[in-house]
Amino acid sequence: MLRWLVALLSRSCLVSKGGAMFYAVRRGRRTGVYRTWAECQQQVDRFAAASFKKFATEREAWAFVNSGTPGEQQPGPADAHGPSAVTQENTSQREESKEDILCCSTCKRPYEQSANEEHTAKRAKHDEVHLAPTVSGDKFSYMGDFAVVYTDGCCSGNGRNRARAGIGVYWGPGHPLNISERLPGRQTNQRAEIHAACKAIEQAKSQNIKKLIIYTDSKFTINGITSWVDNWKTNGWRTSSGGSVINKEDFERLDNLSKGIEIQWMHIPGHAGFQGNEEADRLAREGASKQML
C-alpha cells in the first residue's frame, strides 16, 4: 500500500513541474516540508505508517506537519521526535556523556542534529515553522487552544571551569514575559535547555494557561521528558546501562512542573531562520553574559 502511494505521488510530481509544490512529511524518518519529491521520498519510502502529502502552498504543508488534517493519524510526542523509548534511553546516556564537549551557539547544533539533518532543515527553511498563530488581546500567540512559546539554552565554554550558561524564553515581539537569565548552578548547555523549558512552564502557570506548545531545538529535552523520564523513574533514576542519570534533578523539576498543564513538545531546527527560535537563542546568549544572581 505504501509503495503504491509513493508511486502515485511520484507520478503526480511529474505533471506539476510548472508550479512550486511543497511536500509535507508528518510521519517519516525526518518530519518537515520539502521542496522536491526526491527529498520527501527519502523520508517516507519503506517507512512503516508514513504520513505525507503534497500541497500547493508552504503554509498548508506546515499546517499538515504540525497540526494534522482530518482523516490522517497524528503522531504523539515520542513518534514525532525519535525512535523507541529503549533506543532513546541508550542514546541519552551517550548524549549526557558528551556534555563536556558542547558549547554555545555554533557547537551545540551539530551535536543535536547530524550534518545531514541540519542540511535537510536548511532546505526546508521558511519564514515560520508552523501555521502563523493568532495573537490574542493579552499578547499571547495561540494555535487553537494552545499558547505558543519558544525556549532555548546556551552555554559558552561548556564543560570548562569558566563556562557561562543562559536561558531564553520568547513569547512574541515585545511580550512582557520574554526573559533572558543566567542559569543558576552547574553551567552546561543541557541544563540550560531544560531550565528554559521549566521557566516557560512556570510563566504559563502563573498566567493560568492550561495548554501550551513549547518549541525547542533540543531533542535531548524533548526525548527526556516524553520518553526517557518514565523509564528513569522506574529504574531508580538509572539508565539502561546502570549508570546514574546526570541531569536527574533537572528532569525531576521539569517532570513536576509538567503536571497540571497540557504540553505539546515541538522540535524546531536551530539556526535555520525561524524567528521564534532565533529570538529565544538571542535571549539565551544575552542571559549567559549576565552575572550570576
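A residue counts as buried here when its relative accessible area is under 20%. By that cut-off, 52% of the 293 residues of this protein are buried. What you see above is a predicted model, so please keep that in mind throughout.

First, the overall picture. The protein has eleven helices and ten strands.

Now to the strands, starting with β9, residues 211-216. Five of its six residues are buried, so β9 is largely enclosed by the rest of the structure. Which strands does β9 pair with? One is β6, residues 146-156, which runs parallel to β9 over five bridges. In that pairing, alanine 147 stands opposite leucine 212 of β9. Another is β10, residues 262-267, also parallel, with six bridges to β9. There, isoleucine 214 faces tryptophan 265 of β10 as its opposite residue.

Going back to β6, that strand also pairs with β7, this time in the antiparallel sense, over seven bridges. Six of the seven residues of β7 are buried, so this strand is mostly covered. β7 in turn pairs with β8, residues 179-182, again antiparallel, over four bridges. Isoleucine 167 stands opposite glutamate 181 of β8 in that pairing.

Between β6 and β7 there is a loop, and asparagine 161 lies in it. Is asparagine 161 buried or exposed? Its relative accessibility is 85%, and the cut-off for exposed is over 50%, so asparagine 161 counts as exposed. Asparagine 161 is 26 residues from glutamine 187 in sequence, while their C-alpha atoms are 8.9 Å apart in space.

Next, the aromatic side chains. The structure holds eleven aromatic pairs. One of them is tyrosine 150 with tyrosine 170: the ring centres are 6.5 Å apart and the planes meet at 50°, so the pair is tilted. Tyrosine 150 is in β6 and tyrosine 170 is in β7, residues 164-170, so the pair ties together parts that are 20 residues apart in sequence. These two tyrosines also stand opposite each other in the pairing of the two strands. Tyrosine 150 counts as buried, at 7% relative accessibility. Tyrosine 170, at 6%, counts as buried as well.

Elsewhere, ring pairs link Phe220, Trp228, Trp232, Trp237 and Phe251 into a cluster.

Last, a helix: α11, residues 275-288. The buried residues of α11 are Gly276, Asn277, Ala280, Asp281, Leu283, Ala284, Gly287 and Ala288. Where do these buried residues fall around the axis of α11? Seen down that axis, they lie within an arc of 160°, so they line one face of the helix.

To recap the strand part: β6 is parallel to β9 and antiparallel to β7, β9 is also parallel to β10, and β7 is also antiparallel to β8.

Conventions. Residues numbered from 1 in each chain as written. Predicted model: local features only at pLDDT ≥ 70, side-chain atom pairs only at ≥ 80, totals over all residues. Heavy atoms only, no water. Buried < 20%, exposed > 50% of the residue type's maximum accessible area, 1.4 Å probe, protein only. Arc of directions from axis to C-beta. Pairing = 2+ DSSP bridges. Phe/Tyr/Trp six-rings, centres within 6.5 Å; stacked < 30°, edge-to-face > 60°.
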